[in-house]
Amino acid sequence: MIITLTTDFGLADAYVGILKGVILSIAPTAQVVDISHDIAPGNVRQAAFVLSAAAPFFPAGTIHMVVVDPGVGSARRAIAARAPGAIFLGPDNGVLSLCLGEQAAEIRQLSNARYHLPQVSATFHGRDVFAPVAAHLAGGANFDDLGPLVADPVVLAPPAIARTADGAWRGEIMHIDRFGNLITNFKLQISNSESSQFEVKIGGRQIEGLARTFADRAPGELLALVGSAGYLEIAARDGSAAQLLNACVGDAVWLSGQ
């Protein structure tokens with residue numbers, strides 16, 4: 001059984017290793033896969049995006065565990081969601097929103113202490129709650145035994161897309177990757193024949209047409225293209241669009257020509 005890990009723990013401390021130790025102590029045959037531990041501390045939206053981009057490429061039955069949990073130890077719930085093809089574990093702070101989307105999922109609160117470590121810290125539920133629950137599920141524990149059903153999980157409001165007076169669409173940057181590529185909330189499916197019809201505006205700059213690859217533009221030049229996850233991205237050939245535009249998550253992007 002595969003268990004994936006997505007956290008904001010980084011790798012300088014022992015936290016990630018501890019999670020793996022707990023999992024393997026309970027489910028020694030589990031295969032533990034790291035998606036990312038470089039989520040910005042407490043950045044629930046970034047974690048939601050990163051996990052949603054990766055999860056579809058794992059085999060059916062994978063258990064995805066995400067621990068980006070600024071509310072750890074508070075009244076926030078710890079939950080598990082059984083969706084078609086996968087199980088997701090995380091705090092009830094909206095971090096599972098993009099993975100679940102509109103699909104039907106059975107959501108339960110992780111309140112059954114039988115599946116936790118004997119002593120539960122107020123500050124490390126990743127170790128004491130989520131990791132042991134993931135491991136027990138990998139070992140065949142009944143999902144229905146985890147705790148009561150949750151009918152009202154926290155859902156992140158999706159970044160808005162709005163039509164402007166001049167007929168363009170206004171969206172925003174929802175993620176910046178380590179290369180400085182700006183991933184917007186515009187999901188596009190276009191053919192090569194349509195690519196020249198688009199115009200993108202951001203930070204006072206205008207980009208004509210959509211490139212197919214980064215190499216379609218000259219070094220240092222800004223470009224827009226549909227990235228591997230299907231979203232419109234703004235990049236700089238051999239550089240960082242984020243630095244070039246001094247861009248941040250949430251900045252506005254305008255798209256026209258559709």
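**Figure 1. Glycine 85 sits in the loop between strand S4 (78–83) and S5.** This is a predicted model, in which local features need pLDDT of at least 70 and side-chain atom pairs count only at pLDDT 80 or more, while totals for chains, interfaces and linings use all residues. Residues are numbered from 1 along each chain as its sequence is written, and side-chain values use heavy atoms, with hydrogens and water left out. Helices (H or I, at least four residues) and strands (E, at least two) are DSSP runs, numbered from the N terminus. Glycine 85 counts as partly exposed because its relative accessibility is 41%. The classes are buried (under 20% relative accessible area), exposed (over 50%) and partly exposed (in between), using a 1.4 Å probe and protein chains only. Leaving aside neighbours within four places in sequence, glycine 85 is in contact with Pro59, Ala60, Gly61 and Thr62. Contact means heavy atoms within 4.5 Å. Proline 56 is 29 residues from glycine 85 along the chain, and their C-alpha atoms are separated by 9.1 Å.

**Figure 2. Leucine 5 lies in strand S1 (residues 2–7).** Leucine 5 counts as buried because its relative accessibility is 0%. Its contacts, leaving aside neighbours within four places in sequence, are Lys20, Ile23, Val32, Val33, Asp34, Ile35, Ser36, His37 and Met65. Valine 66 is 61 residues away along the chain, yet the two C-alpha atoms are separated by 5.9 Å.

**Figure 3. Valine 33 is part of strand S2.** Valine 33 is partly exposed, because its relative accessible area is 23%. Leaving aside neighbours within four places in sequence, valine 33 is in contact with Ile2, Ile3, Thr4, Leu5 and Phe58. Valine 33 and isoleucine 23 are 10 residues apart in sequence, and 12 Å apart in space from C-alpha to C-alpha.

**Figure 4. Helix H1 (residues 15–26) and helix H4 (residues 125–138) cross at roughly 40°.** Their axes come within 8 Å. Axes are lines fitted to C-alpha atoms, for helices over the stretch in contact, and angles run from 0 to 180 degrees between N-to-C directions. H1 passes H4 in a right-handed crossing. A crossing is right-handed if the near helix is turned clockwise from the far one by less than a right angle, and left-handed if anticlockwise. On the H1 side, the contact uses Ile18, Leu19, Val22, Ile23 and Ile26. H4 contributes Gly126, Arg127, Ala131, Pro132, Ala135 and His136. By class, the residues of this contact are 8 nonpolar, 2 polar and 1 charged. Ala, Val, Leu, Ile, Met, Phe, Trp, Tyr, Cys and Pro count as nonpolar; Asp, Glu, Lys and Arg as charged; the others, Gly among them, as polar.

**Figure 5. The largest pocket holds about 910 Å³ of space.** A pocket is an open set of points on a 1 Å grid over the protein atoms alone, where a 1.4 Å probe fits, with protein on both sides within 12 Å along at least five of seven lines; lining residues have an atom within 4 Å of a point. Grid points are joined across faces, edges and corners, and a volume is the space filled by probe spheres set on the points. The lining has 40 residues, and Phe49, Val50, Ser52, Ala53 and Ala54 lie nearest the pocket centre. H2 gives the most to this lining, with 7 residues. Elements that each supply at least two residues include helix H2 (44–54), strand S3 (62–67), strand S8 (169–176) and strand S13 (231–236). The lining divides into 24 nonpolar, 10 polar and 6 charged residues.

**Figure 6. The second largest pocket holds about 440 Å³ of space.** It is lined by 29 residues, with Leu96, Ser97, Leu98, Val155 and Leu156 closest to its centre. H2, H3 and S8 are the elements that give two or more residues to this lining. The lining of the second largest pocket has 20 nonpolar, 5 polar and 4 charged residues.

**Figure 7. Aspartate 238 has a positive phi, near 60°, in a residue other than glycine.** Aspartate 238 is in the loop between S13 and helix H5 (241–245). It counts as exposed because its relative accessibility is 65%.

**Figure 8. Asparagine 246 has a positive phi, near 50°, in a residue other than glycine.** The loop that holds asparagine 246 runs between H5 and strand S14 (252–256). Asparagine 246 is exposed, because its relative accessible area is 66%.
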